[in-house]
Amino acid sequence: MLPSSQRLSIPLFKNVMDKGRSMHSPLFIFRLAKVAGNSRFSVSVSKKVAKKAVGRNKIRRRAYSILNSLYSRTQTGFHGVLIAKNTANKASFREISSDIEEFFVKSGLLK
């Protein structure tokens, strides 16, 4: 799980949603904004993706776990938000992991 010091607060989340550029994949939408300071990330899963909280939390926990493993290799100065799509509900951990890692490679976040 990603520590709270590496997660976006509500005002920072809104800033990324307003000013960040977006990238799409089959499982997620990734919004990214360049900022000064440490990199922070957040995950959003709506009720349209999974009606029950158990399903939403499962996707969120998996994504935060993957973000935590990638965080040590991430460049500083970025804020990002992962927004789950409907297909993320039925995806395996391996599929989610490859999808998120592909975002990081395409956006140049990895060192």
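**Exercise 1. Is S39 buried or exposed?**

Let's work it out on this predicted model.

- Step 1: find the residue. S39 sits in the loop between β2 and β3.
- Step 2: check the accessibility. The relative accessible area of S39 is 2%.
- Step 3: compare with the cut-off. Buried means under 20%, so S39 is buried.
- Step 4: look at what surrounds S39. Leaving aside neighbours within four places in sequence, S39 is in contact with Q6, Y71, T74, Q75, T76, G77, F78 and H79.
- Step 5: zoom in on one of these, Q75. The S39 side chain reaches the backbone oxygen of Q75 at 2.5 Å.

**Exercise 2. Work out how the rings of F41 and F104 are arranged.**

- Step 1: get the overview. Searching the whole structure turns up 4 aromatic pairs.
- Step 2: take the F41 and F104 pair. Their ring centres are 5.4 Å apart and their planes meet at 35°.
- Step 3: classify the pair. Planes under 30 degrees apart count as stacked and over 60 as edge-to-face, so with 35° this pair is tilted.
- Step 4: trace the chain. F41 belongs to strand β3 (residues 40-44) and F104 to helix α3 (residues 93-107), so the pair links distant parts of the chain, 63 residues apart.
- Step 5: check burial. F41 counts as buried at 1% relative accessibility, and F104 is buried with a relative accessible area of 1%.
- Step 6: widen the view. F30, F41, Y71, F103 and F104 make up one aromatic cluster.

**Exercise 3. Which way do β1 and β2 pair: parallel or antiparallel?**

- Step 1: locate the strands. β1 covers residues 21-24 and β2 covers residues 28-34.
- Step 2: read the pairing. The two strands pair in the antiparallel sense over 4 bridges.
- Step 3: find the connection. A hairpin joins β1 to β2 through 3 residues.
- Step 4: pick a bridge. M23 has F30 in β2 as its bridge partner, and F30 also belongs to the aromatic cluster from Exercise 2.

Conventions. Residues are numbered from 1 along each chain as its sequence is written. This is a predicted model: local features need pLDDT of at least 70, side-chain atom pairs count only at pLDDT 80 or more; totals for chains, interfaces and linings use all residues. Side-chain values use heavy atoms; hydrogens and water are left out. Rings of Phe, Tyr and Trp (its six-membered ring) pair if their centres lie within 6.5 Å; planes under 30 degrees apart count as stacked, over 60 as edge-to-face and the rest as tilted. Buried means under 20% relative accessible area, exposed over 50%, partly exposed in between (1.4 Å probe, protein chains only). Two strands pair if DSSP finds at least two bridges between them. A polar contact is a pair of N or O atoms within 3.5 Å; within protein, one must be able to donate a hydrogen and the other to accept it, and residues adjacent in sequence count only if both atoms are side-chain atoms. Contact means heavy atoms within 4.5 Å.
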